[in-house]
Amino acid sequence: MADRGRQRPVGLVTRGTTNPNRLRRVDNWIVETCGDRLRAAADPLVVDLGYGATPVTAVELRDRLAARVRADVRVVGLEIDPVRVAAAAPAADPPGLTFARGGFELAGLRPTVVRAFNVLRQYDESEVADAWRTVTDRLAPGGVLVEGTCDELGRLAGWLLIDSTGPRTLTLAARLTTLESPARLAERLPKALIHRNVPGEHIHALLRALDDAWQAAAGLAPFGPRQRWLTAVGTLRSTGWPVLDRPHRWRHGELTLPWPTIAPT
Ligand SMILES: C[S@@+](CC[C@H](N)C(=O)[O-])C[C@H]1O[C@@H](n2cnc3c(N)ncnc32)[C@H](O)[C@@H]1O
């Protein structure tokens, strides 16, 4: 009867596709962007929501945070599919890494950081705002949700940082050595934006501007794709896009913008 009074997990069981190292780009960004929040937290609790058919990305998240943020971080992998919760049990390493059944209601936990990757992709766009609110209402004070999507190998990714006031930033990230064109990032936009890549929408204008800047920097290709990306992002900023972060993040193939500049119209 331990579950009496506990809310039913909120959400749907969806495809469980995952891959080792698929989420390294967003994990590195979480280390840098959310590290101070976790260092300051009385309880450094992180939820990996919807870890999929195997818990590999939850294991990696714990390893990265324990090595680079604080050794006593606690990662809880939550899955709505009880079969996947049972399958993850051998990978648990309590108290730093545990697995449980749960959905957007976070199984009664109050984490400082929630990573939800490739979860909302299979929901309807109309369900996104409620899912965000259900999660953010349950965060620890000052907590954040990092929600996004990536391709199977983690070479193209897009994610949002969301707090109790709503979305704050969009980050796009690509493996530069295999990037033909930044237009490819359109395939991996978070659910709230993926259907908005059409003329008249800010995200469409952003991807056009980024692609134009990348093409204009083609002459730098012999110096490597990193140099080309740095130049393209610099051009974007000089033409009025309020690019956040400093070039040391851009070097990783990242681009972060405030939400209001790319929010659906
Ligand atoms: C595509 S897998 C993503 C796995 C991993 N996060 C990754 O990016 O590689 C999506 C998983 O999210 C789970 N899921 C979907 N909705 C959920 C919810 N509301 N709460 C918890 N898990 C959920 C599904 O059951 C599925 O296993």
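A salt bridge is a side-chain nitrogen of Lys or Arg within 4 Å of a carboxyl oxygen of Asp or Glu, and in this predicted model the side chains of Arg249 and Glu254 meet in such a contact, with 2.7 Å from N to O. Both Arg249 and Glu254 are buried. The structure holds 17 salt bridges, among them the one between Asp27 and Arg115, whose closest N and O atoms are 2.6 Å apart. Because Asp27 belongs to helix α1 (residues 24-40) and Arg115 to strand β4, this pair ties together parts that are 88 residues apart in sequence. Asp27 is buried, at a relative accessible area of 0%, and Arg115 likewise counts as buried at 0%. Salt bridges that share partners join Asp27, Asp48, Glu60, Arg64 and Arg115 into one network.

Aromatic side chains were examined next. A search of the whole structure finds 6 aromatic pairs, including a tilted one between Phe104 and Tyr123, with 5.5 Å from centre to centre and 55° between the planes. Since Phe104 lies in the loop between β3 (97-101) and β4 (113-117), and Tyr123 in the loop between β4 and α4 (128-136), the pair ties together parts that are 19 residues apart in sequence. Phe104 and Tyr123 are both buried. The rings of Trp132 and Trp259 have centres 6.2 Å apart and planes at 85°, so this pair is edge-to-face; with Trp132 in helix α4 and Trp259 in helix α9 (residues 259-262), it ties together parts that are 127 residues apart in sequence. Trp132 and Trp259 are also buried.

Notes
Residues are numbered from 1 along each chain as its sequence is written. This is a predicted model: local features need pLDDT of at least 70, side-chain atom pairs count only at pLDDT 80 or more; totals for chains, interfaces and linings use all residues. Side-chain values use heavy atoms; hydrogens and water are left out. Rings of Phe, Tyr and Trp (its six-membered ring) pair if their centres lie within 6.5 Å; planes under 30 degrees apart count as stacked, over 60 as edge-to-face and the rest as tilted. Helices (H or I, at least four residues) and strands (E, at least two) are DSSP runs, numbered from the N terminus. Buried means under 20% relative accessible area, exposed over 50%, partly exposed in between (1.4 Å probe, protein chains only).
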